[in-house]
Structure formats: C-alpha cells, structure tokens
Amino acid sequence: MLIGVPKEIKNNEFRVGLLPSSVKEFTTAGHDVLVQTNAGASIHATDEEYIKAGATIAKDAKEVFAKADMIIKVKEPQPEECKMLRKGQVLFTYLHLAADRKQAEGLIDSGCTAIAYETVTGPFGGLPLLAPMSEVAGRMSVQVGAVAMQIGNRGGSGLLIGGVPGVKPADVVIIGGGVAGTNAAKMAVGLDANVVILERSLDRIRQLEDLFGPTANIIYSTKASVDHYVFNSDLIIGAVLIPGAIAPKLITKDMLKHMRPGAVIVDIAIDQGGCTETSKPTTHQDPTYMVDGILHYCVANMPGAVARTSSQALNNAVLPYALQIANKGWRAALSENPHLMDGLTVHEGKITQAEVAQDLGYEFFAPDQQLAA
Ligand SMILES: NC(=O)c1ccc[n+]([C@@H]2O[C@H](COP(=O)([O-])OP(=O)(O)OC[C@H]3O[C@@H](n4cnc5c(N)ncnc54)[C@H](O)[C@@H]3O)[C@@H](O)[C@H]2O)c1
C-alpha cells in the first residue's frame, strides 16, 4: 500500500502523522510511504531522516493526496484537503465530526473512507487513539490554567495555583474524570492545588478514589454539584466526553455571573463543541478571551503546542492499527477488527457513526452493511 503523510496545515499545528521511526515500520513491512517535504521539520524530523527510513519525499500536498492509498494525518482535514480526497482512498486521522458540519459535507462529497482516531476502541474498552492526546491535553490544561490565573493583560485572578505557606492554594475543579481529567488531576495535585473531580460513572469514581486517595475529592456529577463547584473554584477544567457526540453544555452563560471574578475555564472538550455554552474554539496564537469576567481557554488542538511529545505518543498508539489497514487492506482490516470498525465514520458519501449522524441530522448507515455492499 502507498501511505501518504501530508504536512499539517491547521493553525499552529506542528505534529506529524508519521515520524521517521514509524515510516520504517511500514517500509520494513513492504509498503511505500510518501511524505510531503518538510512535514516534520517543525519537530526536527528532517526529509533526510524520512528518506533514510525508506520514504519518498513529495514536493507538495497535492502530490501526496493524488498518489496515496491511505492518508495518515493528525488533525481533521481542512476544506482544501477535503477537496483532494477521493473515493477508494482511506483517511486515518482525528475527525471530531459531530461539531463540524462543513467538514462532514467535505468528507461526504469526497467519497473517501474516513476512519476517526477518536472513536476507535480498544480490546479492553476505552479509546486508545484518543488517550495519548487526552493525556497530553489533560497535563497541559493545568499548566495553561496556572498561567492564565496570573494577572496579565488578559485579566487573570492573580492566584498562584499551589499557594505558599500561610496562603491557601487555588481551588481547581475538573469536570470529567476520564483520561484527560485524571491527567489534569495528577498535575493539579502535584502542584498542591485543592482538587475536586466531578465524574458521572460510578465505576470510574471508584477507580479515581483508589488512584488519588485523600489528595483529591471525587464527587458524583449532578446539576447541583456542577453548579456548586463551578461557582466556588478558581480554575475549572472541562474534560467530559460522550464518545462521538457533541459535548454536553454543563456550564451555561447564566452561571458565569455566579462564579469567582477572574476564574479561568480551560475547556478541553472544545474539540467536541465544548462543555461551556460560552466556549468557542481558539488558537495557540490567541488562546484566551473574557466573557462576563471569566477567562476562557479553548484551544482545540492543545497537544500541537508540545508537538514532539505528542507526535511520538500518537504514533505509538496509531501504528498497530495503521499497519493492520496497510497489511490487510482497509476492507479486511475493518471487517476483522470490530475496534477499528468503531472508527469508521464516513464511507463513500455516507455517515457510518450513529452519534455523528444524529448530531448533524444525517441519515445513519450501519458500517458493517456498508462494507458488505
Ligand atoms: N482540546 C484538545 O486539544 C483536546 C485534546 C485531547 C482530548 N480532548 C478532548 O477531551 C475530552 C475528554 O477526553 P478523554 O479522553 O478524557 O475522554 P474519557 O472518555 O476518557 O473521559 C470522559 C469522562 O467524562 C465523564 N463524563 C461524561 N459526562 C459527564 C458529566 N456530565 N459529568 C461528569 N463527567 C462526565 C465520563 O464518564 C468519562 O469518565 C474529549 O472531548 C476529547 O476529545 C481535547
């Protein structure tokens, strides 16, 4: 199979779909890899290293999209990339389609077979291709939140997250105790903040209790508990997920006026539409904005800022699945692996992900029937 790796073009996105070490895995297995020139330059993965790993260098994205059987990317295809995709071509990348009608239209029009990293499941449950980026975003959320709390031109509350002897630490509430939320909590606990995690799954609550013991309070998430902790925290981290679906709006605009002045919301779930009514996607160039005295940080590609760590972590997770597609062909790989099939989102112009179809108002087509057709 010919695998294509274009350079990412989303604002401030420096990650790359395949690192030279991953390319080597494909070429060793007998596949060809075409990498756009300078695709990994921002993270010091040079064209020479890709060539050494057995790749061929393409002069531009057009050449990669025109020739490849499978495109491996990081972020969702941008409109100009959607136009280059075609029927019979596999796209393997993050899509986050439920909150992105324009991209859905582009993928449907292209006729390609789009498999979303974020809904591929693991043999022991969970979302193994989302997990590494959630780990990164979760850990980063506390770093960026701590900086946003500093008094700067954006108007933070002026609190040091861990306090100092004799001065109380900041109150941090993390809504959603999954992968991102747990990693956020580890960082916040490590920085001596006062940490609460709101979670809805009782099984998960028990695991969190075992993990954090007395260092964090784990509270069942209800409308009342969300209100209470959002109103009484300095840093609020939104890390909820209903897989494939748009994020629930747990913090409404009306709630902002009851919050502590200068409180910071880091809405990690912004890539699924955000769990705050007033959240709108921002970029690393301009990450925060103020609404009713509450500072919002809503960068949709947080891991892009630590692109070297993120690319390596993402490659580690994606590689086994991508190799399956390359070795067996997409039809056999999807049919034989129900976990990979869970990622199939758009196939030959049809939406094959129930939550995406529902959120965007499209007809849903069962993925196994589409493959059999
Ligand atoms: N902004 C970014 O750059 C970035 C990067 C990575 C991941 N993410 C996003 O972060 C979000 C979280 O991802 P994850 O991997 O941690 O998901 P996860 O499935 O591991 O965790 C989500 C948790 O939210 C809980 N939850 C659902 N509804 C809830 C509610 N009403 N109250 C409290 N808890 C609730 C679930 O029980 C689950 O434990 C996703 O939207 C993901 O796409 C964003």
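In what order do the eight strands of the open sheet stand? The order is β3-β2-β1-β4-β5-β6-β14-β15, and the pairing is mixed. Strands pair here if DSSP finds at least two bridges between them. Helices (H or I, at least four residues) and strands (E, at least two) are DSSP runs, numbered from the N terminus. At the edges stand β3 (56-58) and β15 (350-351), each with a single partner strand, so one side of each has no neighbour in the sheet. Inside the order, β1 (residues 2-5) pairs with β4 (residues 70-72) in the parallel sense, over two bridges. Gly4 has Ile71 of β4 as its bridge partner.

The model is predicted: local features need pLDDT of at least 70, side-chain atom pairs count only at pLDDT 80 or more, and totals for chains, interfaces and linings use all residues. Residues are numbered from 1 along each chain as its sequence is written.

The protein holds 15 helices and 15 strands. Its radius of gyration is 21 Å, close to the 21 Å that the globule rule gives for 373 residues, so the protein is as compact as a globular protein of that length. This radius is taken over C-alpha atoms, and the rule is 2.2 Å times the number of residues to the power 0.38. Along the principal axes, the C-alpha atoms fill a box of roughly 65 × 45 × 35 Å. Buried residues (20 or more other C-beta atoms within 10 Å of their own, with C-beta atoms placed from the backbone) make up 51% of the 373 residues.

The domain assignment, automatic or from a database, gives domain 1 (2-119 + 307-372) and domain 2 (131-300). Their centres, taken over C-alpha atoms, are separated by 31 Å. The contact (C-beta atoms, placed from the backbone, within 7 Å) takes 16 residues from domain 1 and 15 residues from domain 2. On the domain 1 side, α11 (307-328) and α14 (354-360) each supply at least two residues. The largest share, six residues, comes from α11.

A ligand has 36 residues around it, and Ser134, Ala137, Gly176, Gly178 and Ser221 come nearest. A residue counts as near if its C-beta atom, placed from the backbone, lies within 6 Å. The elements giving two or more residues to this shell are α6 (131-148), α7 (179-190) and β8 (194-199). Helix α6 gives the most, with four residues. The shell divides into 22 nonpolar, nine polar and five charged residues. Nonpolar means Ala, Val, Leu, Ile, Met, Phe, Trp, Tyr, Cys and Pro; charged means Asp, Glu, Lys and Arg; the others, Gly among them, are polar.

Key. Buried ≥ 20, exposed ≤ 12 C-beta atoms within 10 Å, placed from the backbone. Contact = placed C-beta atoms within 7 Å.
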